[in-house]
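Please open the model in a viewer and follow this short tour of its helix packing.

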Amino acid sequence: MSGALLVIGDVVTDVVARHRTPLAPATDTAAEIRTLPGGAGANVACWAARSGCPDVRIVARVGTDWAAWHEERLRLAGVRPLLVRDPGAPTATVVALVDAAAERTFLTDSGAALRLGPGDWSPALLDGVAHLHLSGYLCFAATSRETARLALAAARERGVPVSADPASAGFVAEFGVDRFLAAVEGVGLLLPNADEAALLTGLADPEEAAAALSHRFPLVAVTLGASGALVARSGRIVARVAAPPARAVDSTGAGDAFTGAYLAAHLAGASPTAAAEAGCRAGAMAVTVLGGRPVAG
């Protein structure tokens, strides 16, 4: 399939703090701390480019504080940044606390990211685009949710396939499952993790949850962390894919890596099973480094 991948989502400054001992309340805890480029949408775009997609673009809103740095980092990763500079809000920032088991806890300041508005969108952004991916983070504020709705409607009118990921089980729970499902209605491919799939369906078993979601969305790929991924279509599991072994350092961005690699493979003509295998390989690579982006080179 020829054409670009357009991602609409979030560009975030990540402050990653990796601590090998439990956090000590009211005093110091030693940590390895790095400031890195991140954001679910931006990470997906970078992993898609890293996985061979030749034309990847991202639309997002950032503050003037970090805009130039993020644009440079995206270009170096092979992504074309279409960033709107917001003079009234800082770039979104996430503090990621990563423990000795590589599990992460996020403190999130959405800043400019969820101020992406209808005025920032134009159907012309779909020119030359073969696939549109929407970050679920857009659903969690009225302004960005309306922008996502406009983009989804324009893509469907043009016959451009659309995918989405729920982005955050915590934010989906706060926003409301029914409201989230309504916001992504019309998406052809949903890419949740196991926790998000369980939340969206009320089914604890990942296979049951994936199958149930595929009654609503034509294709569903559920990530299972170190256990790989499931692909479901028309109410049944069509693929179970194992993840390569990996020595995990930081699980931040593993799902974004899966999504980016899956979409790159899909655009190259791979089957859903092969695309999920590519996604699992990227996810395994992602957990071996700090932050959510592929290592340059």
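A crossing of two helices is called left-handed if the near helix is turned anticlockwise from the far one by less than a right angle, and right-handed if clockwise. Helices (H or I, at least four residues) are DSSP runs, numbered from the N terminus. This is a predicted model, in which local features need pLDDT of at least 70 and side-chain atom pairs count only at pLDDT 80 or more, while totals for chains, interfaces and linings use all residues. Residues are numbered from 1 along each chain as its sequence is written, and side-chain values use heavy atoms, without hydrogens and water.

Select helix 6 (residues 194-201) and helix 7 (residues 206-213) to begin. Their axes, lines fitted to C-alpha atoms over the stretch in contact, lie 9 Å apart and form an angle of about 60°, on a scale from 0 to 180 degrees between N-to-C directions. The crossing of helix 6 with helix 7 is left-handed. Next, display A197, A198, L200 and T201 of helix 6 with A209, A212 and L213 of helix 7, which form the contact (heavy atoms within 4.5 Å).

Now select helix 1 (residues 40-50) and helix 8 (residues 254-267), whose axes come within 7 Å and cross at roughly 45°. This pair is therefore oblique as well, but helix 1 passes helix 8 in a right-handed crossing. On helix 1, show A40, N43, V44, W47 and A48; their partners on helix 8 include D256, T259 and L263.

Methods:
Helices (H or I, at least four residues) and strands (E, at least two) are DSSP runs, numbered from the N terminus. Angles under 35 degrees count as roughly parallel, over 145 as roughly antiparallel, 65 to 115 as roughly perpendicular and the rest as oblique.
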